Amino acid sequence: MFKIEASLYRKLITKLVFVFILISIIFRYYNHALLHQLLEPTIFETGMDYTYWLYQILNIDDLIVRNYNIALLFDVALFTCCVINIFLTRQRLFIFIFSILYGIYFLSYNSFVAHHTGPMDGILLITFVFWFKQYKDFKLFWEALRYFTISMLVAAFVWKVFIMNSLFNYEQAEAIVKNNLALYLFQNPSTFFANIVYFFLNNKILLQIGYSFTIVLQGLMCIGYFTKKYDWLLFCFTIIFHVSTYFFVDVCFFELWVLNFTFMNEAAINKLQFKLEKLRSHLKNAKINHSKII
Amino acid sequence: MFNNLFFVKVFKHNKFLFILFLGFTLGSLFFNYKTVETTPFFVWGMYSAKETVPQSHKIIVVKYNNSKMLCMPHTYQEPMSMMVYFTLNYYTDILQNNNKDYLQRNLESNYYIKYPFIKKFGAKLYTNPNEVANYLPWLKKYIASIVNEPVTNFDVYQCQVKYNVQQHVELLNAKKLYHY
């Protein structure tokens, strides 16, 4: 019932995406951020987000997050389901289950951290792509997600340039860096990185140029609305953008890179698959030759 | 020419997907216009508000087991550092507002009057006083798990710091907010 059309592209994309998600889950485990590691938290914030209201009304927090054993079972299920999806790429049942589990994790963590964080947004949305049975539906959804990735950064550009005009605020970069790195610099005043920050704070013009450059990168993402020829460039832009915010804004958005897979078109993936097959056969031949010699 | 447009392609192939994508696009535009994030209609306006450099900054410092400073220096430790500092900020906000979070105030002064049916489940949407009272014991457990050692006590300080001429951070004063 849950078998899908065979397609190499889809198979590889599914594998790549779920390997990435698995890394993200391990990263969250290391960070004591899986549900059982939250140790039955107390205060939470729903804000004016009606999806979080629904989450609270359905009592999911009491059923799962505030019960250590259930939370542990939940995390095991989340991890297992992700691993299964790496190997059984044709079984949509586990993809459905994973999407629901990840949705619950997303709402739970964001509620109890008292802040609706952005890094997991990409993973939340990307798994829905694999719900579709027909290859054409999958392809169209995948393309829609590519436009979403572009729009996300273009929207950030529009907010900074046209709505809030912060790009033209000379103090913007300095204010963000000083505000976000104050605790780090207070606790770690003599590290190598602290010295780099001091250098930039003493050369504010460089800081502002860097800030403006990253905003321009966000704006340049709109190229993707008109052509797919430069997708490799857009792929690099998002990496550069998030690496720079990692260091200078002290925010870790690497999980959003899962959306970068939407910039890898069929030709690029097939090329990768071809190289992998070649490497595999090469290794196989080498093994046969080696056993013949022995 | 128009046949190559994404929405035209989707419309021709699958009407359900067309409605889904169009709804998502319109929803995203609407909630961005309203500047109210409603998952999955995300608002990507972070760090877009104009900021000025203040004379001093307020930071939260946590010390545990009498003198050890809680230090999570790497940005990749964000999920757990947020769990400590963001919840502490939120807890402080609640205490400063007579044990009420801002949603409760908003519901009571606005939503309950306009939409009385929300009263039925309203209390489930915000942190109640009992949960507020259990916060510090929970934080002690959580700190113990991240530092991987038993924590007997901890103190939370609100420190006022400033950047000096060399751009180094200097402590101006520190006020103890909580002890547990």
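**Close-up views of a predicted two-chain model**

**View 1. The second largest pocket of the predicted model.** The second largest pocket holds about 1200 Å³ of space, a volume being the space filled by probe spheres set on grid points that are joined across faces, edges and corners. Of the 40 residues that line this pocket, A:Tyr147, A:Phe148, A:Ser151, B:Phe24 and B:Thr25 are the closest to its centre. On a 1 Å grid over the protein atoms alone, a pocket is an open set of points with protein on both sides within 12 Å along at least five of seven lines, a cavity is a set where a 1.4 Å probe fits but cannot get out, and lining residues have an atom within 4 Å of a point. H7(A) gives the most to the lining, with 14 residues. By class, the lining has 28 nonpolar, eight polar and four charged residues.

This is a predicted model, in which local features need pLDDT of at least 70 and side-chain atom pairs count only at pLDDT 80 or more, while totals for chains, interfaces and linings use all residues. Residues are numbered from 1 along each chain as its sequence is written, chains are lettered from A in the order in which they are written, and side-chain values use heavy atoms, with hydrogens and water left out.

**View 2. The packing of H3(B) against H7(B).** Helix H3 (residues 78-96) and helix H7 (residues 135-147) of chain B pack at an angle of about 165°, with their axes 11 Å apart. H3(B) and H7(B) are therefore roughly antiparallel to each other, a term used for angles over 145 degrees. On the H3(B) side the contact (heavy atoms within 4.5 Å) includes B:Met80, B:Met83 and B:Tyr91, and on the H7(B) side it includes B:Tyr135, B:Trp138 and B:Ile146. The residues of this contact divide into 11 nonpolar, one polar and no charged.

**View 3. The packing of H1(A) against H5(A).** In chain A, helix H1 (residues 8-30) and helix H5 (residues 92-112) pack at an angle of about 35°, and their axes are 13 Å apart. Among the residues that meet here are A:Arg10, A:Phe18 and A:Arg28 in H1(A), and A:Arg92, A:Phe98 and A:Tyr109 in H5(A). This contact divides into eight nonpolar, two polar and three charged residues.

**View 4. The largest cavity.** The largest cavity has a volume of about 50 Å³. Residues of both chains line this cavity, including A:Phe27, A:Arg28, A:Tyr109, B:Glu78 and B:Met82. H3(B) provides the largest share of the lining, three residues.

Technical notes: Axes are lines fitted to C-alpha atoms, for helices over the stretch in contact, and angles run from 0 to 180 degrees between N-to-C directions. Helices (H or I, at least four residues) and strands (E, at least two) are DSSP runs, numbered from the N terminus. Ala, Val, Leu, Ile, Met, Phe, Trp, Tyr, Cys and Pro count as nonpolar, Asp, Glu, Lys and Arg as charged, and the others, Gly among them, as polar. Angles under 35 degrees count as roughly parallel, over 145 as roughly antiparallel, 65 to 115 as roughly perpendicular and the rest as oblique.
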